[in-house]
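Here is a short briefing on a structure with its sequence. Read it with the picture open.

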Amino acid sequence: MSGQVKKGYVRPLDNKHGRVDMSHGGGGRAMVQLITELFARHLGNEYLAQGNDGACLPPGNGRLVVSTDSHVVSPLFFPGGDIGCLSVHGTVNDVAVMGATPLYLTAGFILEEGFPLADLARIVESMARAANEAGVKLVAGDTKVVEQGKGDGVFITTTGVGFLPEGLHLSGDLARPGDAVLVSGSIGDHGVAIMSRRENLSFDAPILSDTAALNGLTANLLASGAHIKVMRDPTRGGLAATLNEIAHQSGVGIHLEEAAIPVKPEVNAACELLGLDPLNIANEGKLIAICAAGDADKLLTAMRAHPLGREAAIIGKVVEDPNAFVQMKTRFGGRRMVDWLSGEQLPRIC
Amino acid sequence: MKYVDEFRDGAIAKRISAAIANQVRPDRRYNFMEFCGGHTHAISRYGVPDLLPANVRMIHGPGCPVCVLPIGRIDLAIRLALEQGAILCTYADTLRIPASGGLSLMKAKARRGDIRMVYAVTDALKIARDNPDKEVVFFAIGFETTTPPTAVAIRQARAEGLKNFSVLCCHVLTPSAIMNILESPEVRELGTVPLDGFIGPAHVSTVIGSRPYEFFAEEYRKPVVIAGFEPLDVMQAILMLVRQVNEGRATVENEFTRAVTPEGNVKAQNLVSEVFELRRSFEWRGLGEVPYSALKIRAGFAEFDAEQRFHLEYQPVPDNKACECGAILRGVKNPTDCKIFGNVCTPENPMGSCMVSSEGACAAHYTYGRYKDVEATE
Ligand code: SF4
């Protein structure tokens, strides 16, 4: 994205009634204008302003951590957020739960011809706000336009870069029997917020997506002194998928207590209506942490001390199990497995 | 919202569990069939078998609408999308049912069939309104609960003068399926499926009432307890069945009085009979051809009947040879009796219909109960 264009050479972008057209991706002046007047205006910083084909970044402290994520959520605006902030949070969180400090983002936009510029501006503003709050900078970007009917408004791919201090090693294969499993708050909020909007369900209290940047929380947890072995953010596939991944990577079983898992009553009610299980539903502002049993209370206290971890809970423990099953004692008193969700009940959730 | 939690209270569950343990006679076994997939799901999801004594066994019945759909019916739906170019509207859980030629609705969708997932028949009506130049077909499956909304939609389509909407009707009837099981040789003569009673369906019974079950209770001497889909409902129903068996009674009892009456919903029944009539015979997966076990659209509404509109010929197709769904749906076998359970056949790659719906016996056991086949240690 380059900002080196003479001002006033063409009418300014019509941010109120204008729409994306094919020329906005054509590499000509219209594209430059879109970039300067919309993207650079909100997202600009010293690296983006370099105006070259790539951003040149200063060396950092520790090992480089990179993560990338594409966002195709529908609807683009949902209770509690939009595709803009979601595309920042999603990638920042993937870097943060590695134990790294996220610093930079790149963003690729695929815009559909005809998409209102006013909506695009809202999305870009929301990205800018989210990046600002998370303390990350958008250092490179790209925009393409596809014909009407070939996209669905906006798709955004973001890549995040951060640095992981020497000596710190978190990984999904480090869970050991006896370890405690913690979650930073209520599960299922994001997926249910999207589904209830799509299905036009209304509740007394609207269900808001939990989309949020977790790097503040992860920094506090790492500073707490508790020995954290694994951190993950349970996005698509929910808590169930993430815990199954960890169980498989580590070759252990996990036993959960249903009664300990925080779920908002309205999320439960919506799941009931939609025939979904909160354990399978995407979160965008929650994390799972696994630590030695002796450190569990310390870690829980650190979680609860952060605004994004107020409802944190210890929800289970790691056990020996060559089958790597995740099992749960139900609130009802029975037992059952917690499996990956098979299928595609919730497409385009993030 | 509190409503939901009240029916999942672990403390009450323990009390009912203790009462059941107290009342079962140690010298006999109790085999109860839960007819409905909804019950199968609740039993597995909440771990109900852990709260039952060893001599009380639950047998899964055929009441899972997705599981009982035969391959030939899915083939019809696929043909509508791929050959007739219709927009086929379907519930999500039919998408992965294996059909002929290695296809499924999902695979047909990937081959550019216009197959759309809907939550209700009203969504299909909307799609028809929005696409006046396309044929829109609703793939109507389900027991008596889902029939009234389909009837309403057909009437609505007529009232609106919608010319591009039709229904591939695969609605089936609960009492005929129960009867078929009671008449099956395994239950009647061989005694390979000992059946001491039924848990009757919840939602279906809110429509048809509790009266249709009285025949089974009297004629076949099998107690029936109609129960809600909450795990506590199921526990309470099991307790009521144990009592009936112990007292030598066989009557229809209603645990689900908060929603079920003897007559059911007469208005809904009238609506259904205005639009639908009995089919002479319908193929069920597992049960085969069952006489008078399904509905078809009445001649007066023929324009909305996809089978007539597109001149569809039903072609029965045998199930995968290894698949035991048939025997499982009749209560003769367990999922683990199937050689390909969990190895070749998984929810990601289902070989039979019982592995597709979350209400199917194989899927329920795979998703919730598999750990019992190999116990873990701490
Ligand atoms: S495991 Fe699969 S193949 Fe075997 S009976 Fe069940 S559905 Fe059929």
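In the charge counts below, Lys and Arg are positive and Asp and Glu are negative, while His and the chain ends are left out. Each charge is placed at NZ of Lys, CZ of Arg, CG of Asp or CD of Glu. By that count, chain B has 43 positive and 45 negative charges, and their mean positions are 2 Å apart.

This is a predicted model, in which local features need pLDDT of at least 70, side-chain atom pairs count only at pLDDT 80 or more, and totals for chains, interfaces and linings use all residues. Residues are numbered from 1 along each chain as its sequence is written, chains are lettered from A and ligands numbered from 1 in the order in which they are written, and side-chain values use heavy atoms, without hydrogens and water.

**Chain A: overall build**

- Chain A has 8 helices and 13 strands; these are DSSP runs numbered from the N terminus, with helices (H or I) of at least four residues and strands (E) of at least two.
- Its radius of gyration is 21 Å, close to the 20 Å that the globule rule gives for 350 residues, so chain A is as compact as a globular protein of that length.
- That radius is taken over C-alpha atoms, and the rule is 2.2 Å times the number of residues to the power 0.38.
- The C-alpha atoms of chain A fill a box of roughly 70 × 50 × 35 Å along the principal axes.
- Of the 350 residues in chain A, 54% are buried. Buried means under 20% relative accessible area, exposed means over 50%, and partly exposed lies in between (1.4 Å probe, protein chains only).
- Chain A carries 30 positive and 38 negative side chains, and the centres of the two sets lie 4 Å apart.

- Chain A is divided into domain 1 (22-164) and domain 2 (180-337). The bounds come from an automatic or database domain assignment.
- The centres of domain 1 and domain 2 of chain A, taken over C-alpha atoms, are 27 Å apart.
- 20 residues of domain 1 of chain A are in contact with 20 residues of domain 2 of chain A; contact means heavy atoms within 4.5 Å.
- Most residues other than glycine have a negative phi, and most peptide bonds are trans.
- The peptide bond from Ser74(A) to Pro75(A) is cis, with omega near 0 degrees. Pro75(A) sits in the loop between β1 (63-71) and β2 (77-78) of chain A.

**Chain B: overall build**

- Chain B has 16 helices and 13 strands.
- Its radius of gyration is 21 Å, which agrees with the value near 21 Å for a compact globule of 378 residues.
- The C-alpha trace of chain B spans about 65 × 45 × 45 Å along its principal axes.
- In chain B, 58% of the 378 residues count as buried.

- Ile20(B) belongs to helix α2 (residues 10-23) of chain B. Ile20(B) is buried, with a relative accessible area of 0%.
- Not counting residues up to four places away in sequence, Ile20(B) touches Leu52(B), Pro53(B), Met235(B), Ile238(B), Leu239(B) and Val242(B).
- Arg221(B) has a positive phi, near 55 degrees. Arg221(B) lies in the loop between α11 (214-220) and β8 (224-226) of chain B, and is exposed, with a relative accessible area of 51%.
- Tyr292(B) has a positive phi, near 45 degrees. Tyr292(B) lies in the loop between β12 (288-291) and β13 (295-297) of chain B, and is partly exposed at 45% relative accessible area.
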